[in-house]
Amino acid sequence: MEKINCNVIQDILPLYIDDVVSDDTKELVEEHLQNCEICQRVYHETKTDLENDMKVSVQTKESSNEANDLKNFRKFLKKRKIKTILLSIAATIVCFVAVFMFMNKHVTYISYKDAGITIIEDNKDEVTYRTNIKGNYRWRTSLDRETGVMTIHFEQSLWEKYVSCIFYPYDHIHDILKKDEIKEVYVDKDGTTTTIWEAPEEEQKAYLSEEHTEPLG
Ligand SMILES: [Zn+2]
């Protein structure tokens, strides 16, 4: 009888330790424990085991939390890194656009000397000339029909002068000038002028003797 009792007691010991038994069972177990050394030992062992199990479970949970924290922190760092990279790229683009706009807006005149103009062909109807301007550039021509003077105005932006010159050749061959209308060709730079081509004297006389009645400009 005693043996059976011990088995029954030991079966319910975990429940007793967890304090989920009825008061009657509790009383029964305590009474038995007081008189049974074997069950007392089993009680202590079971209690220790259960407590250890609890500790391990708590520790596992904690370490898993720590691992999660570390994971989250890494994710956070990664996100911040990506954000930093994106911001750097955006800042670089903004700087680039600002520099481009500034350099494109600042236009400088190109003097006759810097334009490196040479006449390469001079026949009856046309004059072909070459410039030697570093980089891309723009030019405007204006013709004063009364005097027969054509003015060419070369200019380029800082961007064209210092950046796009990497992609453009130095030499440019320019279009034709209609000689029958033109007596003289100037390159204009800040109000000073340099003649790059002049019609022969007879042609100039012929030009001046003709009547130029068409409207100016
Ligand atoms: Zn017992």
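The exercises below work through parts of a predicted model. Residues are numbered from 1 along each chain as its sequence is written. In this predicted model, local features need pLDDT of at least 70 and side-chain atom pairs count only at pLDDT 80 or more, while totals for chains, interfaces and linings use all residues.

**Exercise 1.** Determine whether asparagine 5 is buried, exposed or partly exposed.

Solution. Step one: locate asparagine 5, which lies in helix H1 (residues 2-17); helices are DSSP runs of H or I with at least four residues, strands are runs of E with at least two, and both are numbered from the N terminus. Step two: apply the cut-offs, where 20 or more other C-beta atoms within 10 Å means buried, 12 or fewer exposed, and anything in between partly exposed, with C-beta atoms placed from the backbone. Step three: asparagine 5 has 13 other C-beta atoms within 10 Å, so it is partly exposed.

**Exercise 2.** Find which strands pair with S5 and how they run.

Solution. Step one: two strands pair if DSSP finds at least two bridges between them. Step two: S1 (residues 107-109) has three bridges to S5 (residues 149-157), and the two run antiparallel; here threonine 108 faces glutamine 156. Step three: S4 (residues 138-144) is joined to S5 by seven bridges, again antiparallel, and threonine 141 has isoleucine 152 as its bridge partner.

**Exercise 3.** Describe the link between S4 and S5.

Solution. Step one: the hairpin has four residues between the strands. Step two: in this hairpin, glycine 148 takes a positive phi near 75°.
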